[in-house]
Amino acid sequence: MKRLGALLLLATLAACQSHNPYTATSTPLPPAPVQAAQHLDLSAYPAPPRDYGRYRTWSWQRLPAGTAWASSEQVQEALSNALDQRGLRPQRGAASSDLQVSAELRLEQRIRQVTESYGSYYGHSRYGDDYGLWGSAPLVRSYTEEVIVVAIELFDSQDGQVLWSASAETLSSGSQSERMAALRTAVQQALSAYPPS
């Protein structure tokens, strides 16, 4: 039996030593175009990091539309104050600004689930030791909430590319003053990581 196993192993090894019919071949690369020596293709390199410190002024790319929840002027005021806290000032005069700002309010619905566990215990002994039956069941409740989503985009005025984009949301209920406070909070949250470090 050992001889048969050894012969089978030798036959397998001999089969591995046979000639490989496949050979590696390659064709040479074509010559580079003549203009390649004079032209540097910057798209082949990563973009240089942006210097966010050079952005000082801003203007509206388009004014935010008002909704039944907040007027256009309220959104402009909340966003202007938040940008001011980050060192960005509105552009005055005829000169072009460093940034262009776009903001949008939209109403969306969210489903929130709350899980509560209810349990009961039955039974009692005269010695103070508890005995009996205990059980619990989870109760899952789903709520639909309306939220206002504040989406903000900042564009570089020179090349028109999106420099910053973020959004935040807040509940759409409450009095007018509560909604304005919620709007300011949502705008602050959307801009909380600007400028990126």
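Colleague: Is aspartate 84 buried, exposed or partly exposed?

Modeller: Good place to start, and keep in mind that this is a predicted model. The general idea is to compare a residue's relative accessible area with two cut-offs: under 20% is buried and over 50% is exposed. Aspartate 84 has 37% relative accessibility, so it counts as partly exposed.

Colleague: Which residue forms a salt bridge with aspartate 84?

Modeller: For a salt bridge, look for a side-chain nitrogen of Lys or Arg within 4 Å of a carboxyl oxygen of Asp or Glu. Here the partner is arginine 89, and the closest N and O atoms are 2.8 Å apart. Arginine 89 is partly exposed too, at a relative accessible area of 42%.

Colleague: How many salt bridges does the structure hold?

Modeller: There are 10 of them.

Colleague: What about glutamate 169 and arginine 110?

Modeller: Their side chains meet in a salt bridge of 2.7 Å, N to O. Glutamate 169 is in strand E5 and arginine 110 in strand E3, 59 residues apart, so this pair also links distant parts of the chain. Glutamate 169 is partly exposed at 36% relative accessibility, and arginine 110 is partly exposed with a relative accessible area of 28%. Both residues belong to a salt-bridge network that includes Glu104, Arg106 and Glu108.

Colleague: Which residues make the nonpolar surface patch?

Modeller: Leu7, Leu9, Leu10 and Leu13 form it, and it covers about 430 Å². Take leucine 9, which lies in helix H1, residues 2-16. Its relative accessible area is 53%, and over 50% means exposed, so leucine 9 is exposed.

Colleague: And how should I read the whole protein?

Modeller: Begin with the order of elements: from the N terminus they run α-β-α-β-β-β-β-α, which gives three helices and five strands. Next, look at burial: 23% of the 197 residues count as buried. The protein exposes about 14,600 Å², with carbon and sulfur atoms supplying 55% of that area. Finally, among contacts with a separation of 6 or more, 68% come from residues 24 or more positions apart.

Terms used: Residues numbered from 1 in each chain as written. Predicted model: local features only at pLDDT ≥ 70, side-chain atom pairs only at ≥ 80, totals over all residues. Heavy atoms only, no water. Helix = DSSP H or I, 4+ residues; strand = E, 2+ residues; numbered from the N terminus. Buried < 20%, exposed > 50% of the residue type's maximum accessible area, 1.4 Å probe, protein only. Contact = heavy atoms within 4.5 Å. Areas by Shrake-Rupley, 256 points an atom, 1.4 Å probe, with all protein chains shown as cover. Patch = residues over 30% accessible without salt bridge, like charges linked within 9 Å, V, L, I, M, F, W, Y side chains within 5 Å.
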